[in-house]
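Keep the viewer open as you read.

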Amino acid sequence: MDEQSEEIGRLWTVSIAVPSSIVDNAQSAELKSYLVGQIARSLVIFKIDEIVIYDEYCIPGTPEQVVLDKRKQSMVQAVRILEYLECPQYLRRQLFPIQKYLQYAGLLNPLEAPNHLGSNDQCPYREGIVLNKPHKQGSFVNIGLKQDCQVDISLQPNVRVTVKLETNSKKLRGKIVSPSEPREKLGLYWGYTTRIANSLSEVFDGCPYDGGYDLKIGTSDKGENVDKTVKKIPFKSSMHSLIVFGGLRGIESAHESDESLSHIQDTSELFDYYLNTCPDQGSDTIRTEEAILITLSALRRRLFKPRI
């Protein structure tokens, strides 16, 4: 692999949250797809572990209802494209049937993420899909090689899994492991996960990590100058960082729409740090996809520094 793994695993994570409304602002279906593709590229470049797509208008709904709600089509499109691009190419045909949201996905730039392995790439882990080939001693998994991999667990077909390959076996064998194991054991970046939130408060409450996000950063032109604040932020003691971005109307609008947060007067109080990551900007507005690159670049040296 091109990426060198860290000597030890990485237990800490970095997440970002963006509103689905940014997709609405694109003027055509092609531009909507390209915008989401830009965000996906940013996630991989900066090794982001999780992206949350949230509804700044706080329209409720279960995941099943969200797919059918015409008001949430931008959210569904963003999630579908993000999931499609994160998936290794050799698995996409089985996992993603033809659908309108992916009409222009083939035109997007590839992520070239470390978990997108070619047949000649060497790595102890590979992503795969369980095949409908029953076996007395487990299942067979397509991991992008000429030979299918045998695992010792019987699983439902068409499920995506992470496989750790056995090195001392004549046949291609492996075992099913958590998708986070490559990161936790070897420090390998293994792509990002995508989740939806129906409000700003759900971004925080739906955290998948034990103990929640222990460092929450909001971005706004009303925030503190990042150049004066960044050294004060205790990145080293944080295990699960979250950076929240707003849409055209800012995070403040998402806060105002969320009734469960009405007891909090100032939006900055929702976060440990509320930052303006591009002070003295020349343009009147900074697009969210631009803000992601600007913010992660500004915080990179400290945010992604190994924890001790």
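## The cavity and its lining

In this predicted model, the lining of the largest cavity is made up of V18, P19, S20, I22, V23, V36, I39, I53, A78 and L82.

How big is the largest cavity? Its volume comes to about 40 Å³. The structure has one cavity of 30 Å³ or more.

## Helix α2

Now follow α2, a helix of 17 residues. From first C-alpha to last it reaches 25 Å, close to the 24 Å expected at 1.5 Å a residue. Its buried residues are K32, S33, L35, V36, G37, I39, A40, S42, L43 and V44. Of these, V36 and I39 also turn up in the cavity lining.

What do the buried residues of α2 pack against? Their partners are β1, α1, β2 (50–54), α4 and α10 (288–303). Just past the end of the helix, K47 has a positive phi of about 55 degrees.

## Out at L11

L11 sits in the segment before β1 (13–19). Buried or exposed? L11 counts as exposed because its relative accessibility is 52%, and the cut-off for exposed is over 50%.

Leaving out residues up to four places away in sequence, L11 touches R183, E184, M239 and H240. Take M239: L11 is 228 residues from it in sequence, yet their C-alphas are 7.2 Å apart in space.

Technical notes: Residues numbered from 1 in each chain as written. Predicted model: local features only at pLDDT ≥ 70, side-chain atom pairs only at ≥ 80, totals over all residues. Heavy atoms only, no water. Helix = DSSP H or I, 4+ residues; strand = E, 2+ residues; numbered from the N terminus. Buried < 20%, exposed > 50% of the residue type's maximum accessible area, 1.4 Å probe, protein only. Contact = heavy atoms within 4.5 Å. 1 Å grid on protein atoms, 1.4 Å probe; cavity = no way out; pocket = protein on both sides within 12 Å on 5 of 7 lines; lining within 4 Å. Points joined across faces, edges and corners; volume = space filled by probe spheres on them. Expected span 1.5 Å × (residues − 1).
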